[in-house]
Amino acid sequence: MTEPRVRPDPAFALLGLYETALPEVYGYLLSRCGDRTLAEELTSETFLGAVAACRKEYAPPVSTGWLIGVARHKLADHWRRKEREERGLRLVHHSEPDIEDPWDEQLDALRARQVLESLGPHHRAALTLRYVDGLGVPEVAGHLGRSVHATEALLVRARAAFRRAYEEKEGRDA
């Protein structure tokens, strides 16, 4: 009679990667949300989610890139939750016109970051995933749980909101 072999916990693969991956994951999240507390919470959620994912039967190989992908999903989930909360609090829905003119001006990086942080979470999520992370519209749609058509419309509204806020801030800073 053979003794059953004890299979090591697959999450131990994360332990070896933790020291090097932690600053990468935290830096990724902090650069996108701009809030240290939130970045710490999402980093924690990322590693907890990764442990659970590693223990599944057909788990993907563990790498820093994979962890950043998990972090991207956690951030998108956060933005979706925040938008649902804010939507529940709004009494009036404002429809924003579609604007299709290209914006040829150079953006000030600090002002752009401040404006991005001032936008609603749904606009911030869409713009960050599309223009900071460089994802295509179908990928952004997947992360946000929307159709491609709805995501394209959201991006149009988000760009318009960003432009308005940027120009308002520019007028106040001048």
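Predicted model: local features only at pLDDT ≥ 70, side-chain atom pairs only at ≥ 80, totals over all residues.
Residues are numbered from 1 along each chain as its sequence is written, and side-chain values use heavy atoms, with hydrogens and water left out. Local features were considered at pLDDT of at least 70 and side-chain atom pairs at pLDDT 80 or more, whereas totals for chains, interfaces and linings use all residues.

The secondary structure of the chain comprises 7 helices and 0 strands, where helices (H or I, at least four residues) and strands (E, at least two) are DSSP runs numbered from the N terminus; read along the sequence, the pattern is α-α-α-α-α-α-α. Of the 174 residues in the chain, 36% are buried, a class defined by under 20% relative accessible area, with exposed meaning over 50% and partly exposed the range in between (1.4 Å probe, protein chains only). The chain exposes about 11,200 Å², of which carbon and sulfur atoms supply 54%; accessible areas come from the Shrake-Rupley method with a 1.4 Å probe, and for residues only the protein chains shown count as cover. Among contacts (heavy atoms within 4.5 Å) between residues at least 6 apart in sequence, 69% join residues at least 24 apart.

Helix α5 (residues 121-132) and helix α6 (residues 137-144) have axes that come within 9 Å and cross at roughly 140°, the axes being lines fitted to C-alpha atoms, for helices over the stretch in contact, with angles running from 0 to 180 degrees between N-to-C directions. The pair is therefore classed as oblique, given that angles under 35 degrees count as roughly parallel, over 145 as roughly antiparallel, 65 to 115 as roughly perpendicular and the rest as oblique. The crossing of α5 and α6 is right-handed, meaning that the near helix is turned clockwise from the far one by less than a right angle. At this meeting, A125, A126, L129 and R130 of α5 are in contact with V137, V140, H143 and L144 of α6.

Y26 lies in helix α1 (residues 12-33) and is classed as partly exposed because its relative accessibility is 22%. Leaving aside neighbours within four places in sequence, Y26 is in contact with R36, A39, E40 and T43. The C-alpha atoms of Y26 and E41 are 9.5 Å apart, at a separation of 15 residues in sequence.

Two cysteines, C33 at 11% relative accessibility and C54 at 4%, both count as buried. With a disulfide taken as a pair of cysteine sulfur atoms within 2.5 Å, the count is 0.
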